[in-house]
Amino acid sequence: MTVVRPGDWLVIAAGLAATVATAASQWGQAAPAHAQVRLDGRVVAELPLTGRHRVSIDGALSSRGPTVIEVEPGRARVAADPGPRQYCVLQGWLTRAGSVAVCAPSHVTLQLTGAGSMPDTVAF
Amino acid sequence: MASTAGPASHEVQPSARDRRLAHYAAAAIAAALVEAAIPSPLPGVKPGLANVVILIVLARHGWRDAVWVSVLRVIAGSLLAGQFLAPGFFLAASGALCSLLVLGALQAVSWRWLGPVGRSVAAAFAHIGGQLLLARAWLVPHDGLFNLAPVFFAAALLFGVVNGVVAARLMERNPQ
């Protein structure tokens, strides 16, 4: 009797299909829908990630300049911020739903929202 | 040893089936222990070598014997590895239970049409599926766990095929 029989191929094909389908559904881009900008925790701008936008926010350090949020199709970033260490600027483009850039000195946050929002961290 | 047992005592006489089951269970436990020594990058990704033994028992002696060997393997294997009643034990038990149920259901399908390879793959998917569901319900109560599902499924496919081919070849070489 042969090692691999007709039904075996069927099961292997089904297993392959299940693997590919799970990979597609789990690892597919969780497309972010909006860039949400908050100042002191309040939403001050909600920009769709479809077109190009540039928004200036006068944050807690507004005497030293505005925080500039830049949106392009599918991504957003903090283009400029008066904060001393520039962490939120250096973070660059955010592309995944749920990712956040925090400009703590300015009290400004930029977050991408969308259907497939992921947790920041899972610890167990 | 001379038996001095009185009339009220019983001496358990292992039947041929008992010996056979013990024989297979010993092989499965050895395989599980060897495997426990292999480092794995991800908990849950394991070759499942003991399942080669389960498949051979299933093919030669039927589902009930396969259940016995599997149960003995999970309990004795975890005792020897110091994992009895630890989380890993429950994961192994739930995986083994699910794969036994699938193998039991597949017994309705002719072995001429569905051989050890297909059964092995189906059982491997059931095994990791059962583990994932228990882990999701109990150990990692977050859907983020399912992000790893494609890795687990790919491993199930690969090791399922390999174990099935190994079992089929072993049976070919050692015809009963």
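Helix α3 of chain B supplies the largest share of a nonpolar surface patch, namely 3 residues, where helices and strands are DSSP runs (H or I of at least four residues for helices, E of at least two for strands) numbered from the N terminus. The model is a predicted one, in which local features need pLDDT of at least 70 and side-chain atom pairs count only at pLDDT 80 or more, while totals for chains, interfaces and linings use all residues. Residues are numbered from 1 along each chain as its sequence is written, chains are lettered from A and ligands numbered from 1 in the order in which they are written, and side-chain values use heavy atoms, with hydrogens and water left out.

**Nonpolar patch of chain B**

- The patch is formed by B:Val71, B:Ile75, B:Leu79, B:Phe84, B:Leu85, B:Phe90, B:Trp138 and B:Leu139, which together have about 700 Å² of accessible area, as given by the Shrake-Rupley method with a 1.4 Å probe, with only the protein chains shown counting as cover for residues.
- Patches are made of residues with over 30% relative accessible area and no salt bridge, with like charges joined within 9 Å and nonpolar side chains (Val, Leu, Ile, Met, Phe, Trp, Tyr) joined within 5 Å.
- At least two residues of the patch come from each of α3 and α5 of chain B.
- B:Phe90 is found in helix α4 of chain B and counts as partly exposed because its relative accessibility is 32%, given that buried means under 20% relative accessible area, exposed over 50% and partly exposed in between (1.4 Å probe, protein chains only).

- Helix α4 (residues 87-106) has 20 residues, which at 1.5 Å a residue should span 28 Å, and its end C-alpha atoms are 29 Å apart, which agrees; the expected span is 1.5 Å times one less than the number of residues.
- The buried residues of α4(B) include B:Phe89, B:Leu91, B:Ala92, B:Leu100, B:Leu103 and B:Leu106, and what covers the buried residues of this helix includes α2 (50-61), α3 (63-81) and α5 (116-139) of chain B, where contact means heavy atoms within 4.5 Å.
- For α5(B), 24 residues should span 34 Å, and the end C-alpha atoms are 32 Å apart, which agrees; this helix is mostly covered, with 17 of its 24 residues buried.

**Salt bridges**

- The whole structure holds 7 salt bridges over all chains, each being a side-chain nitrogen of Lys or Arg within 4 Å of a carboxyl oxygen of Asp or Glu.
- A:Arg54 and A:Glu70 meet through their side chains in a salt bridge (2.6 Å, N to O); because A:Arg54 lies in strand β3 (residues 53-57) and A:Glu70 in strand β4 (residues 67-72) of chain A, the pair ties together parts that are 16 residues apart in sequence.
- Within that pair, A:Arg54 is exposed at 57% relative accessible area, whereas A:Glu70 is buried at 14%.
- B:Asp65 meets B:Arg17 in a salt bridge (2.6 Å, N to O), and since B:Arg17 lies in helix α1 (residues 16-36) and B:Asp65 in helix α3 of chain B, the pair ties together parts 48 residues apart in sequence.
- B:Asp65 also forms a salt bridge with B:Arg20 (2.6 Å, N to O), a pair that links helix α3 with helix α1 of chain B across 45 residues.
- B:Asp65 counts as buried at 4% relative accessibility, while B:Arg17 is partly exposed at 34% and B:Arg20 is partly exposed at 29%.
- In chain A, a network of salt bridges links A:Arg52, A:Glu72 and A:Arg75.
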